[in-house]
Amino acid sequence: MAPYVIEDNQGSRLKLRLTPRASKEGIDGTHGEAVKIKVKAPPVEGRANEALLNFLAEILDIGRGRLEIVSGQTSRSKTIRILGLSPDEVLDRLGIG
């Protein structure tokens, strides 16, 4: 199993490294034990976090309400809880499985 997706009692947890103010949004490989994700939004007033959650909801094909930042609200390193998806499903939908 990949070190950046772990099983959670409600689904999965994804460890990621966020790059705000990027020229385009997308998954940019891995960074140690985290998935690198780029968003266009600046890290001001939670806009980068919102852009991140919206991007993940779209790429994982789930509702935005099934995602929660459990650690790293003000950090580039974050852990996201994904409700209702197994680690294998998350890896498959992210295209890094």
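This is a guided tour of the structure above, one selection after another.

Before you start, note that the model is predicted, that local features are described where pLDDT is at least 70, and that side-chain atom pairs count only at pLDDT 80 or more, whereas totals for chains, interfaces and linings use all residues. Residues are numbered from 1 along each chain as its sequence is written, and side-chain values use heavy atoms, with hydrogens and water left out.

**Stop 1: the nonpolar core**

Begin by selecting Leu56, Leu60, Leu67, Ile80 and Ile82, which have the most contacts inside the largest nonpolar core, a group of 27 residues. A nonpolar core here is a set of buried Ala, Val, Leu, Ile, Met, Phe, Trp, Tyr and Cys residues joined through side-chain atoms within 4.5 Å; buried means under 20% relative accessible area, exposed means over 50%, and partly exposed lies in between, with a 1.4 Å probe and protein chains only. Two or more residues of this core come from each of strand 2 (11-19), strand 4 (34-38), helix 1, strand 5, strand 6 and helix 2. Helix 1 gives the largest share, eight residues. The helices (H or I, at least four residues) and strands (E, at least two) are DSSP runs, numbered from the N terminus. In soluble globular proteins, nonpolar side chains tend to be buried together.

Now keep leucine 67 selected: it lies in strand 5 and is buried, with a relative accessible area of 5%.

**Stop 2: the salt bridges**

The model has five salt bridges, each being a side-chain nitrogen of Lys or Arg within 4 Å of a carboxyl oxygen of Asp or Glu. Select aspartate 8 and arginine 13, whose side chains meet in one of these bridges, with 2.5 Å from N to O. Which of the two partners is buried and which is partly exposed? Aspartate 8 is buried, at a relative accessible area of 10%, while arginine 13 is partly exposed at 25%.

Next, select glutamate 68 and arginine 81, which form a salt bridge with their closest N and O atoms 3.0 Å apart. Because glutamate 68 lies in strand 5 and arginine 81 in strand 6 (residues 77-83), this pair ties together parts that are 13 residues apart in sequence. Glutamate 68 is partly exposed at 38% relative accessible area, whereas arginine 81 is buried at 14%. If you now show Asp8, Arg13, Glu68 and Arg81 together, you are looking at a network of linked salt bridges.

Then move to glutamate 50 and arginine 64, where the closest N and O atoms of another salt bridge are 3.0 Å apart. Glutamate 50 lies in helix 1 (residues 47-60) and arginine 64 in the loop between helix 1 and strand 5 (67-71), so this bridge ties together parts that are 14 residues apart in sequence. Both partners are partly exposed, glutamate 50 with a relative accessible area of 40% and arginine 64 with 29%.

**Stop 3: the loops**

Stay in the loop between helix 1 and strand 5 and select aspartate 61, which has a positive phi of about 60° although it is not a glycine. Aspartate 61 is exposed, at 65% relative accessibility. Arginine 66 is found in this loop between helix 1 and strand 5 too, and its C-alpha atom is separated by 7.9 Å from that of arginine 81, 15 residues away along the chain.

For another positive phi, near 55°, in a residue other than glycine, select arginine 21, which is found in the loop between strand 2 and strand 3 (26-31). Arginine 21 is exposed, with a relative accessible area of 59%.

**Stop 4**

Select threonine 30 in strand 3, and then isoleucine 96: they are 66 residues apart along the chain, and their C-alpha atoms are separated by 9.2 Å.

Finally, select Glu7, Asp88, Glu89 and Asp92, which form a negative surface patch. Patch members have over 30% relative accessible area and no salt bridge, with like charges joined within 9 Å and nonpolar side chains (Val, Leu, Ile, Met, Phe, Trp, Tyr) within 5 Å. Helix 2 (residues 87-94) provides the largest share of this negative patch, three residues.

Key:
Accessible areas come from the Shrake-Rupley method with a 1.4 Å probe; for residues, only the protein chains shown count as cover. Lys and Arg count as positive and Asp and Glu as negative; His and the chain ends are not counted. The place of a charge is taken as NZ of Lys, CZ of Arg, CG of Asp or CD of Glu.
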